[in-house]
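This report describes how the chains of one model are arranged and how parts of the model pack. Please view the sequence and structure below before reading on.

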2 protein chains.
Amino acid sequence: MFFLKTLPSLDMVRGYTGDAGAAETVLDALGMLRRASLLLRDIEQYFARHGLSQQKFLIMVVIDREPDRNSLRLSEIANRLDVSKPVLHRTIKAMTAADLLMSKPDPKDGRSDLIQLTPQAKDLLTQIMPGYFEILLGADRPVQDTG
Amino acid sequence: MFFLKTLPSLDMVRGYTGDAGAAETVLDALGMLRRASLLLRDIEQYFARHGLSQQKFLIMVVIDREPDRNSLRLSEIANRLDVSKPVLHRTIKAMTAADLLMSKPDPKDGRSDLIQLTPQAKDLLTQIMPGYFEILLGADRPVQDTG
DNA sequence: CTTGATTCGTTATCATGATAACTAAATGTC
DNA sequence: GACATTTAGTTATCATGATAACGAATCAAG
């Protein structure tokens, strides 16, 4: 993701929306996209230093936090994350090769595997979670134009 | 971009941050990432219906709104958008092939071209801008499934 | 002017998002 | 139970983000 460093002026937006209140709402939304873009970049860089990505991290999170179960099917993960199945398939394959996930056949559905975290994945999750929250804590700082 | 459909509970986050105020800040940041993810998806779908992407749209915007000039160099566009030069290079090439951009050599720097909008691009920009603001206006409404 | 450092754009390569089209399994209807 | 529909996962292909490494032009130091 990337986004405009400098947002349009209120006057410019008002030229399209007509109404000043609407123009402010639009600028709020653009500001949010800019902040999300910067935050996401910080997050991705943090995960990259641990050999991960936000995507891989979130896959581990949704499996880990599932109550009463320690595994999920691909489609269940996809539903919890709003990500497409092909993307998830590819990532699960990579994470399995990296010993972060392991699968066993689903006894109730011959099409599916039950995907669970390896011990290494659980360790890694515990290790990186505090730094993740620290980055999110810094997210309400004012956005600066760095040039 | 994609993100968790269901955010962690306040209690779960408090388990990591210790302090309740910090936990709320973290949840605000996660909520923002979720809203930005959904909004961005709407925006990309809108642009796709016009044969564009957010990236291509923003390139047109920064050239169009430049005061006193009608062209920018690649690196100037990259600076205004916070996007990497290889990405921009590839996109400018595609947009030039699609008759949205045209280039002429920069008389002041033999390494650069001056990139400007074609008349078609200006027309397209005028045509799609209102719908873009309409989507941004809806960004503060509760999330709904539009199919 | 010449030399060295910097900047600009390009190429190559990779990661991560999407949709379309397919196979296999499960489900629903008769 | 047979057959059509639906669902789960996979494959192929594409778009868009990144960094690394490179040649060419510019700039800065002397």
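## Interface between the copies

In this predicted model, 100% of the interface residues of chain B are also interface residues in chain A, so the two copies meet through the same surface.

## Symmetry

Two copies of a chain are related by a rotation about an axis and a shift along it.

## Nonpolar core

The largest nonpolar core holds 88 residues. Those that touch the most other members are Ile77(A), Tyr132(A) and Leu136(A), together with Ile77(B), Tyr132(B) and Leu136(B).

Apart from its neighbours within four places in sequence, Tyr132(B) is in contact with residues of both chains: Phe3(A) and Leu30(A), and also Ile43(B), Tyr46(B), Phe47(B) and Phe57(B).

## Packing of two helices in chain B

Helix α3 of chain B spans residues 54–64, and helix α5 of chain B spans residues 85–97. The two pack at an angle of about 85°, with their axes 11 Å apart. Angles of 65 to 115 degrees count as roughly perpendicular, and α3(B) and α5(B) are therefore roughly perpendicular to each other.

On the α3(B) side, the contact is made by Gln55(B), Lys56(B), Ile59(B) and Met60(B), which meet Val87(B), Leu88(B), Thr91(B) and Met95(B) in α5(B). By class, this contact of α3(B) with α5(B) has five nonpolar, two polar and one charged residues.

Conventions. Residues numbered from 1 in each chain as written. Chains lettered and ligands numbered in written order. Predicted model: local features only at pLDDT ≥ 70, side-chain atom pairs only at ≥ 80, totals over all residues. Heavy atoms only, no water. Core = buried A, V, L, I, M, F, W, Y, C linked by side-chain atoms within 4.5 Å. Buried < 20%, exposed > 50% of the residue type's maximum accessible area, 1.4 Å probe, protein only. Contact = heavy atoms within 4.5 Å. Axes fitted to C-alpha atoms, helices over the stretch in contact; angles between N-to-C directions. Helix = DSSP H or I, 4+ residues; strand = E, 2+ residues; numbered from the N terminus. Parallel < 35°, antiparallel > 145°, perpendicular 65-115°, else oblique. Nonpolar A, V, L, I, M, F, W, Y, C, P; charged D, E, K, R; others polar.
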